[in-house]
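Have the sequence and the model open as you read.

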Amino acid sequence: MRQHVNPLSSNFNKVERIPSLSEMFSDSKLNLHLDIGCAAGEFLFDLASVNTSWNYLGIEIREKLVKNAKLKVFEREIKNLYFVFGNANNILNDVQSKYIIRNIKSISFNFPDPWFKKRHYKRRVIQPEFINVLSNELQKGTLIFIKTDVKELFDYMDRTISSNFYFKKIDKKDFNYSESFNPNKVKTNRENYVIVNQLTIFERIYMRI
Ligand SMILES: C[S@@+](CC[C@H](N)C(=O)[O-])C[C@H]1O[C@@H](n2cnc3c(N)ncnc32)[C@H](O)[C@@H]1O
């Protein structure tokens, strides 16, 4: 399977139909968490099985991974988990997603693709325009979590989010994880790899104010 796809390819311009929250989840009133770049979704499967008072939505640009994840959700009859295929920037910019964005309680960007070359920075999922869309549509109090093992990418993401007036940094030591989308601090696949290899994790939490 291809590890990297170019999110700016015209293949991703057309956004698939986004179902309503009540089509995605059996109880659409539960708190909603969105994981952007969820890969095969293992992190979300783990979260959804333990935290049944949350709904989880994953967006992933590699279609095969989303197809497999959707099949698993169907076979296991999981009612608080849904996956959408495509470029998260295009999906969340699409008019169909506005209602969903308004209902999100938190968003995670876990170990996004770094795109190291300067000419490829535009392929990074966090872009100033994207953060603007989120700041316009998210409710006050919504949280954004970023994590990466690439310091340069962390600085770039932090600069991009912090330069938007509507996001405030939250001090991790004041943060109560027990009420968050991930009370047991479940780790993503990349995070487990980073821990095993004793690499540094850079992370930050922001709140829409
Ligand atoms: C390095 S992997 C990290 C996967 C997972 N979050 C983890 O922590 O193990 C980054 C993932 O983001 C996906 N991705 C990259 N750009 C994306 C975009 N614009 N929209 C949605 N998914 C994207 C990639 O296909 C890949 O699965």
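What follows covers the ligand, then the pockets, then the cavity.

This is a predicted model, where local features need pLDDT of at least 70 and side-chain atom pairs count only at pLDDT 80 or more, while totals for chains, interfaces and linings use all residues. Residues are numbered from 1 along each chain as its sequence is written, and side-chain values use heavy atoms, with hydrogens and water left out.

**The ligand**

Let's start with the ligand's neighbours. Its shell holds 17 residues, and Gly37, Glu60, Arg62, Ala88 and Thr188 come nearest (near here meaning that a heavy atom of the residue lies within 4 Å). By class, that shell splits into 6 nonpolar, 7 polar and 4 charged residues. For these classes, Ala, Val, Leu, Ile, Met, Phe, Trp, Tyr, Cys and Pro count as nonpolar, Asp, Glu, Lys and Arg as charged, and the others, Gly among them, as polar.

Now for polar contacts (pairs of N or O atoms within 3.5 Å). Glu60 puts a polar side-chain atom 2.6 Å from a ligand oxygen. A polar backbone atom of Arg190 is 2.9 Å from an oxygen atom of the ligand, and a backbone N or O atom of Ile61 lies 3.3 Å from a ligand nitrogen. On its own the ligand has 600 Å² of accessible area, and the protein covers 90% of this (Shrake-Rupley method, 1.4 Å probe).

Where does the ligand sit? It's in the largest pocket, going by the rule that more than half of its atoms lie within 2 Å of the pocket's grid points. Elements are DSSP runs numbered from the N terminus: helices (H or I) of at least four residues and strands (E) of at least two.

**Pockets and cavity**

Both kinds of space are found on a 1 Å grid over the protein atoms alone: a cavity is a set of points where a 1.4 Å probe fits but cannot get out, a pocket is an open set with protein on both sides within 12 Å along at least five of seven lines, and lining residues have an atom within 4 Å of a point. Volume is the space filled by probe spheres set on the points, which are joined across faces, edges and corners.

| Space | Volume | Lining by class |
|---|---|---|
| Largest pocket | about 900 Å³ | 18 nonpolar, 11 polar, 9 charged |
| Second largest pocket | about 230 Å³ | 7 nonpolar, 4 polar, 7 charged |
| Largest cavity | about 50 Å³ | 7 nonpolar, 1 polar, no charged |

The largest pocket has 38 lining residues, with Gly37, Arg62, Phe111, Pro112 and Asp113 nearest its centre. In the second largest pocket, β5 (143-148) and β7 (202-208) each supply at least two lining residues.

There's 1 cavity of 30 Å³ or more. Ile18, Leu57, Ile59, Val84, Ile91, Leu92, Ser97 and Ile100 line the largest cavity, with β2 and α4 giving two or more residues each.

Key. A polar contact is a pair of N or O atoms within 3.5 Å; within protein, one must be able to donate a hydrogen and the other to accept it, and residues adjacent in sequence count only if both atoms are side-chain atoms.
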